[in-house]
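Good morning, colleagues. Please have the sequence and the structure open before you as I speak.

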Amino acid sequence: MKKILTILSISLLIISCGGNDNKSIEKTIEQGDLEALRAKRTEIVAKQQSVADQLKQIDQAIATLNTVKKLPLVTVIKAKDTVFNHYLELQGNVETKQNIVLYPEMSGILIRIYVDEGQKVRKGQLLARIDDGGLSKQLEQARSQMELSRITYNRQRNLWKQKIGSEIEYLRAKTDYTTKRKIVSQIKEQVQKSDIRAPFSGVIDDIITEQGSVVSAGQNPILRIVNLDNMYIETEVPERYISTISKGKDVAVYFPVLDKTINTKVRQVGNYINPNNRSFMVEVGIPSSAGTVKPNLTAKVKINDYTSEKAILIPQSIISENAEGDQYTYVTFDRDAQNIAMAKRVIIKTGKTQGGLIEVVEGIHNGDAIISEGARSVKDGQQVKILN
């Protein structure tokens, strides 16, 4: 304060002396001496520079003592411990391991289709039949012959037990019966190939070949059967996440076409790294209550790969970086009743991001008041005015 008063006194003294200077200037001009005029001009310029320097000092002193009106205006957010779940976002497709097209095992005419599209069927149910080309009649004849062989064999066996007849007749009857049984079994297997049965319970999704068509074994698709009770989403995960993605992790799945989100879990993690794209496969289960979800549907998969029970999250926009590459932000302390506080720059270390927020792992503590708006105009150690 004394310094300011001294400067003001000097300034007033200079001003009061201005009248005498004016008279001196007029007298010098009247004399018409060029050298005297030049000397007078140099003197006045020196005094002018001195006054400018003194005014600058006065302005600086006023600014130092009158900071309240020129303090940077800022807003602050309070750092709080919170649960932070980070999600890895991937693309996936809906799959099902029970989605197959059935082909005939026998060539012939497709004489009958017993089901309709959209019909639910159970495992083992007869779906279609192909003309067996007379194998059923051959089977009947073979069974008749086998039955005769059986009777003959039983009779020879009983006689042989009673020591009646020859051993060769007994063995011949036994061999004949065994052969007839094998023939019946072989023909029966061939006849069964004319029936197309459901390999699992599901829904008939598509009937591909019409009844009455001629089909070839293993060549012509007959129908498609799908089981929607065991669907899953398959997605590829970069190998760097192999330590953070495990069975049982929470997953949020969004189906853009359906505008629908379901919550589920990872049900299987692959053990093989694909050398072409350095990724591994992950299966995400789909609840049976998913409803309209169908195989091959595209999905956006968010897998929870990191969780912190006490994380501090701040907006990414309030973080700056210095010339050394260190990230920093400002906190306030010593806040008074007029909401005036000191700003302090703190170097921080950050972790994972989610949306517009980033986790601070070092530098910020629970309860710190962090400058959110106005940080760009703040300097370390400067007073700031906090807006409510």
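How much space lies in the second largest pocket? In this predicted model, the volume is about 160 Å³.

Let me turn to the residues around that space. The second largest pocket is lined by Asn99, Val203, Asp205, Arg224, Val226, Leu228, Lys294, Pro295 and Asn296. Sorted by class, four residues of this lining are nonpolar, two are polar and three are charged. Strand E8, residues 202-207, and strand E10, residues 223-226, each contribute at least two residues to the lining.

One of the lining residues, Asn296, deserves a separate remark. Asn296 is placed in the loop that connects strand E14 (279-285) with strand E15 (298-315). Its phi is positive, about 75 degrees, although Asn296 is not a glycine. Is Asn296 buried or exposed? Asn296 counts as exposed because its relative accessibility is 56%, and the cut-off for that class is over 50%.

Lys163 also has a positive phi, near 65 degrees, in a residue other than glycine. Lys163 sits in the loop between helix H4 (135-161) and helix H5 (167-192). With a relative accessibility of 70%, Lys163 therefore counts as exposed.

I close with a sheet. Four strands form an open sheet in the order E7-E6-E4-E9, and their pairing is antiparallel. Strand E7 (195-197) and strand E9 (214-215) are the edge strands, each pairing on one side only. Strand E4, residues 108-113, is joined to E9 by two bridges. Within that pairing, Ile109 has Val214 of E9 as its bridge partner.

Terms used. Residues are numbered from 1 along each chain as its sequence is written. This is a predicted model: local features need pLDDT of at least 70, side-chain atom pairs count only at pLDDT 80 or more; totals for chains, interfaces and linings use all residues. Side-chain values use heavy atoms; hydrogens and water are left out. Two strands pair if DSSP finds at least two bridges between them. On a 1 Å grid over the protein atoms alone, a cavity is a set of points where a 1.4 Å probe fits but cannot get out, and a pocket is an open set with protein on both sides within 12 Å along at least five of seven lines; lining residues have an atom within 4 Å of a point. Grid points are joined across faces, edges and corners, and a volume is the space filled by probe spheres set on the points. Ala, Val, Leu, Ile, Met, Phe, Trp, Tyr, Cys and Pro count as nonpolar, Asp, Glu, Lys and Arg as charged, and the others, Gly among them, as polar. Buried means under 20% relative accessible area, exposed over 50%, partly exposed in between (1.4 Å probe, protein chains only).
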